[in-house]
Amino acid sequence: MREPGADACGDGVIDVVIAGAGPAGAAAAITLARHGARVVVVDPGGAPRWKPGESLAPRAGPLLRRLGALEAVAAGPHTPCLGNQSLWGAQTPGEVDFLSSPHGTGRHLDRAHFDRTLLDTARLAGARLHTGRVRSVRRAGAHWQLSLGPGGGVRARYLIDATGAGARLARQAGATVVKSDRMVALTARLPYDTSGHALPRTSLVESAPFGWWYTAPLPAGSCFVMAVTDADLVAGQALHRPDRWWRALQETTLLRPRLDRAAVAPPSGLHVVRAATSCTVPAAAAGWAAVGDAATACDPIAARGIVTALATGIAAADAVHADAAGDPTALGAYAGLVGASHDEFLRARLICYGAERRWNTPFWNRRHAEDPPPAPGAVRPEGLRIPPRGIQ
């Protein structure tokens, strides 16, 4: 796949520049480097941003194994996730047990450590890391001309956008980001007293009038809690205020008793995280592909963010490799798979939100306006935990 005279971040033409060093970008870098491509990952670097805790489903195991990162991830400070609980559309909790999964248990992640593990794997595979930012891209014949800041630039045969849901570079390449909502998550990390009491090993989802709650234990002996709603509804509920967020948490049925051993006072502050659903159309075209949230960003009720990041990173890298080998259909096929996966998610989301009919509030009425009520026994939130078909 390399061209004569190629030079990593020099004056020559390199094979692939990947903008973004999260799980999607790292997965693409690992896969491409093992295909023999010369890869440069461009990332701003610096102090890592605070990232909310996240649970990794068992189905991520085969993807990590393919990337050669499964053992390194297993050796990290992450803790087992034994399943998911939910209180959604019913008065009694639902539960999914991971112990019977053919891929073993899930994991409650130390996200910063997880991301570093994948990036270290990419380096070992031969990818180069360049600290900086891709400021602009321009197609010049068969190559991309990328500006990396004052006086810096690089030419590449292919570009992979792993910059997140804004898909900044894909939009510069001519794609459009189609947004479905404006959801946000108001998140906090709470201390947890484990003396004489085992930390829960399951994640938990509970619906509420304003939207829904999620909590999961973190490896460092704390717990992650988030309230999810639409951005325009935050002010009306004052959920951006730690005291009002805390008061709403006290009104929950399952979360409150689970957090009895957590903080006994409101958090000092909340992190507001984008949680909206969007899809980039197309997700790939001549010379470029989008991966992770830059390709398809899903409502967190699906709990498929990292799995999708890994799957799209691998699939896009395979498509780039096939395109370079002379298959003119590979990138278009990848874009089609991303679109089909996103459409599948949208259909499953209608069923999921349609299963909760207890709240006559703006958040829920918006989600019920598009589809009739589901049949009895409809899918609960854990039923959305499906991989993007065709991508894995």
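The protein chain exposes about 16,300 Å², of which carbon and sulfur atoms supply 52%; accessible areas come from the Shrake-Rupley method with a 1.4 Å probe, and for residues only the protein chains shown count as cover. The model is predicted: local features need pLDDT of at least 70, side-chain atom pairs count only at pLDDT 80 or more, and totals for chains, interfaces and linings use all residues. Residues are numbered from 1 along each chain as its sequence is written, and side-chain values use heavy atoms, with hydrogens and water left out.

**Overall architecture**

- The secondary structure of the protein chain comprises 11 helices and 21 strands; helices (H or I, at least four residues) and strands (E, at least two) are DSSP runs, numbered from the N terminus.
- Of the 392 residues in the protein chain, 53% are buried, where buried means under 20% relative accessible area, exposed over 50%, and partly exposed in between (1.4 Å probe, protein chains only).
- Among contacts in the protein chain with a separation of 6 or more, 72% are between residues 24 or more positions apart; a contact means heavy atoms within 4.5 Å.

**Salt bridges**

- The structure contains 10 salt bridges, each defined as a side-chain nitrogen of Lys or Arg within 4 Å of a carboxyl oxygen of Asp or Glu.
- Side chains of opposite charge can pair when their charged atoms come close.
- R111 and D115 are joined by a salt bridge at 3.1 Å, N to O. Both residues belong to helix α4 (residues 111-125), where they lie four residues apart, about one turn of the helix.
- R111 counts as buried at 13% relative accessibility, and D115 likewise counts as buried, at 8%.
- E356 and R358 form a salt bridge in which the closest N and O atoms are 2.7 Å apart. E356 is buried, with a relative accessible area of 0%, whereas R358 counts as partly exposed at 30%.
- A salt bridge at 2.8 Å, N to O, connects the side chains of D243 and R241. D243 is partly exposed, with a relative accessible area of 32%, and R241 is partly exposed at 37%.
- A network of salt bridges links D230, D232, R366 and R367.

**Positive surface patch**

- R171, K179, R182 and R274 form a positive surface patch. Patches are made of residues with over 30% relative accessible area and no salt bridge; like charges are joined within 9 Å, and nonpolar side chains (Val, Leu, Ile, Met, Phe, Trp, Tyr) within 5 Å.
- For charge, Lys and Arg count as positive and Asp and Glu as negative, while His and the chain ends are not counted. The place of a charge is taken as NZ of Lys, CZ of Arg, CG of Asp or CD of Glu.
- K179 is part of strand β12 (residues 176-179) and is exposed, with a relative accessible area of 64%.

- V39 lies in strand β2 (residues 39-43) and counts as buried at 1% relative accessibility.
- Leaving aside residues up to four places away in sequence, V39 touches V16, I18, A29, L32, A33, A127 and R128. The C-alpha atoms of V39 and G126 are separated by 7.6 Å, although these residues are 87 residues apart along the chain.
- Q172 is located in helix α5 (residues 168-172) and is partly exposed, with a relative accessible area of 35%.
- Leaving aside residues up to four places away in sequence, Q172 touches R135, S136 and V137. The C-alpha atoms of Q172 and S136, 36 residues apart along the chain, are separated by 7.6 Å.
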